Amino acid sequence: MRNISIVGIGSGNPEHMTIQAINTLNAASVLFVPTKGPDKAELADVRREIIARYVTNPACRVVEFAVPQRQTADRTYNQSVDAWHAALAEVHASLLARELGPGQTGAFLVWGDPMLYDSTIRILDRVKALGTVEFETSVIPGITSLQALCAAHRIPLNTVGKPVEITTGRRLKDTFPARSETVAVMLDGEQAFAGIDDPDAMIYWGAYLGTSDEITISGKLGEKSAEILQVRSKAREAMGWIMDIYLLRKGRDFDAP
Ligand SMILES: C[S@@+](CC[C@H](N)C(=O)[O-])C[C@H]1O[C@@H](n2cnc3c(N)ncnc32)[C@H](O)[C@@H]1O
């Protein structure tokens, strides 16, 4: 039986790596590094830096593999993600069959934590269901971009005794400000915060968190929205890519009810 470790590597700063993650990488025969094309080369570079810095076992072999792009034309969001995951399952199945012998352990280096807006766990479940290659999995937690955001702004995630919702830009309008007082927003390609009509809400925004390019802006939404749009657009143009996350909050600690 093969073993696959799904290892959270943190969100951009190699020092996010936990001792458990380092030990798990060093125990693997093969380290699988996803690459997403030249636009996101820096994400693969962080993984390479982590391997160079922490993997001391000379028996570990690194295998890079290209991640196919999601096709969006003529399909709903769910159809598009489902088809993408099916394609990814095929890629992973042949990767494992080709690169990992029975009894060997492989590790996937997953951005942030594998449980948060990442599909490695469910894709490997799909690979198992294909039945072409047998393996067991284990998951090693990592520092998420949400933790990195709160740390960068020196804020608690929740207000006292209140819940938090985590969503995507696509769904923000269903949530804030009507349903949740604190919302964390990830995967926002449309800058959904700019369409929220609550000028007194606070926004805590961060891009490239944990890296030397980190940018953070915070303040009232009505006062900071235009600045964030401008800074984000400039940074994206200069870097060729962007990863940003933000927290929207209305109300304060000890507000009733
Ligand atoms: C596919 S999700 C992966 C999330 C990851 N598993 C985690 O634990 O944070 C990618 C989204 O995470 C957020 N993200 C990840 N790393 C980030 C970083 N260093 N700075 C800002 N946002 C980041 C962005 O919202 C981005 O669109």
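Helices (H or I, at least four residues) and strands (E, at least two) are taken here as DSSP runs, numbered from the N terminus. On that basis the chain holds seven helices and ten strands. The model is a predicted one, in which local features need pLDDT of at least 70, side-chain atom pairs count only at pLDDT 80 or more, and totals for chains, interfaces and linings use all residues. Residues are numbered from 1 along each chain as its sequence is written, and side-chain values use heavy atoms, with hydrogens and water left out.

Overall dimensions come next. Along the principal axes, the C-alpha atoms of the chain fill a box of roughly 60 × 45 × 40 Å. The radius of gyration, taken over C-alpha atoms, is compared with a globule rule of 2.2 Å times the number of residues to the power 0.38. For 257 residues a compact globule would have a value near 18 Å, and the chain, at 20 Å, agrees with this.

The domain assignment, with bounds from an automatic or database source, gives domain 1 (2-143) and domain 2 (146-249). Their centres, taken over C-alpha atoms, are separated by 27 Å. Contact (heavy atoms within 4.5 Å) takes 14 residues from domain 1 and 17 residues from domain 2. Buried area is the accessible area (1.4 Å probe) that two parts lose on being put together, summed over both; between the domains it is about 1,200 Å², with carbon and sulfur atoms giving 67%. Glu42, Leu116 and Tyr117 supply 40% of the area that domain 1 buries against domain 2, more than any other three residues.

Now to the charged pairs. A salt bridge requires a side-chain nitrogen of Lys or Arg within 4 Å of a carboxyl oxygen of Asp or Glu. By this rule the count comes to twelve salt bridges, while the count between domain 1 and domain 2 is zero. Because arginine 48 lies in helix α2 (residues 41-54) and glutamate 64 in strand β3 (residues 61-66), the pair ties together parts that are 16 residues apart in sequence.

Phenylalanine 176 and proline 177 are joined by a cis peptide bond, with omega about 5 degrees; proline 177 sits in the loop between α6 (172-175) and β7 (182-186). Glutamine 191, a residue other than glycine, has a positive phi near 50 degrees, and its place is in the loop between β7 and β8 (202-207).
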